[in-house]
Amino acid sequence: MDKTFLMVKPDGVQRQIIGDVVNRFERKGLQLVAAKLMMVSVELAEKHYGEHKGKPFYEDLLKFITSGPVFAMVWQGENVVEITRKLIGKTNPMDAEPGTIRGDYCLYVSKNIIHGSDSPESAKREIALFFQENEIVEYEKLIDNWIY
Ligand code: RTP
Ligand code: MG
């Protein structure tokens with residue numbers, strides 16, 4: 001089954017909306033298979049956002065993502081990467097549709113609540129950065145026959 005890496009960023013944790021974010025993916029029918037509250041070290045942040053090195057917002061992005069706890073998660077489901085990116089909404093909250101997480105909760109691109117992997121390849125890389133294999137819990141979701 002497809003997997004993706006999602007992370008409530010420090011602004012979402014401080015604003016106490018972890019529960020709503022998790023609820024949006026649960027009610028869609030996706031399956032949570034790993035989660036933890038953690039601090040992101042500078043080293044981990046550099047690896048995670050390596051593709052943005054050299055861009056004007058890179059230093060601020062590192063400062064932000066290491067500034068407080070994040071809620072890191074792995075979710076599973078058919079086409080989970082594409083579906084979760086849709087539910088999250090466009091990178092800039094100005095462009096994010098109402099009904100999406102970024103469309104509903106935030107105003108600025110620099111504090112946009114949540115990260116979601118942008119491709120199955122990124123998902124694989126990011127899951128391996130944040131989670132040990134034994135932290136991912138494979139379990140049968142009995143309701144799946146009614147969803148897929
Ligand atoms: P993310 O990686 O955090 O899920 O966000 P994303 O795919 O929607 O956007 P991406 O292009 O990967 O950018 C990563 C994060 O960098 C910040 N950013 N700021 N000031 C700017 O123009 C700008 N562009 C990007 C955002 O916080 C974005 O989530
Ligand atoms: Mg990205």
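This is a predicted model: local features need pLDDT of at least 70, side-chain atom pairs count only at pLDDT 80 or more; totals for chains, interfaces and linings use all residues.

Visitor: What does UniProt say about residues 1–138?
Guide: An unreviewed UniProt entry annotates them as "domain: Nucleoside diphosphate kinase-like". That span is 41% helix and 17% strand, and its end C-alpha atoms lie 10 Å apart.

Visitor: Okay, and which residues are around ligand 1?
Guide: Among them are His 52, Phe 57, Thr 91, Asn 112, His 115 and Asp 118. By class, the shell has three nonpolar, six polar and one charged residues.

Visitor: Which residue does the "active site" annotation cover?
Guide: His 115, again according to the unreviewed UniProt entry. His 115 lies in strand β4, which spans residues 114–116.

Visitor: Is His 115 buried or exposed?
Guide: Buried, because His 115 has 20 C-beta neighbours inside 10 Å, and 20 or more is what counts as buried. Leaving aside neighbours within four places in sequence, His 115 is in contact with Leu 6, Met 7 and Lys 9.

Visitor: Switching topic: in what order do the strands of the sheet come?
Guide: The order is β2-β3-β1-β4, in an open sheet with antiparallel pairing. At the edges are β2 (31–38) and β4, each pairing on one side only. On average, neighbouring strands are turned by 15° against each other, direction ignored.

Visitor: How many bridges join β2 to β3?
Guide: Seven, with β3 covering residues 70–76. For instance, Ala 34 has Val 74 in β3 as its bridge partner.

Methods. Residues are numbered from 1 along each chain as its sequence is written. Chains are lettered from A and ligands numbered from 1 in the order in which they are written. UniProt positions are given in the numbering used here, feature names are shortened, and annotations may be inferred rather than shown by experiment. Helices (H or I, at least four residues) and strands (E, at least two) are DSSP runs, numbered from the N terminus. A residue is near a molecule or strand if its C-beta atom, placed from the backbone, lies within 6 Å of it. Ala, Val, Leu, Ile, Met, Phe, Trp, Tyr, Cys and Pro count as nonpolar, Asp, Glu, Lys and Arg as charged, and the others, Gly among them, as polar. A residue is buried if 20 or more other C-beta atoms lie within 10 Å of its own, exposed if 12 or fewer, and partly exposed in between; C-beta atoms are placed from the backbone. Two residues are in contact if their C-beta atoms, placed from the backbone, lie within 7 Å. Two strands pair if DSSP finds at least two bridges between them. Axes are lines fitted to C-alpha atoms, for helices over the stretch in contact, and angles run from 0 to 180 degrees between N-to-C directions.
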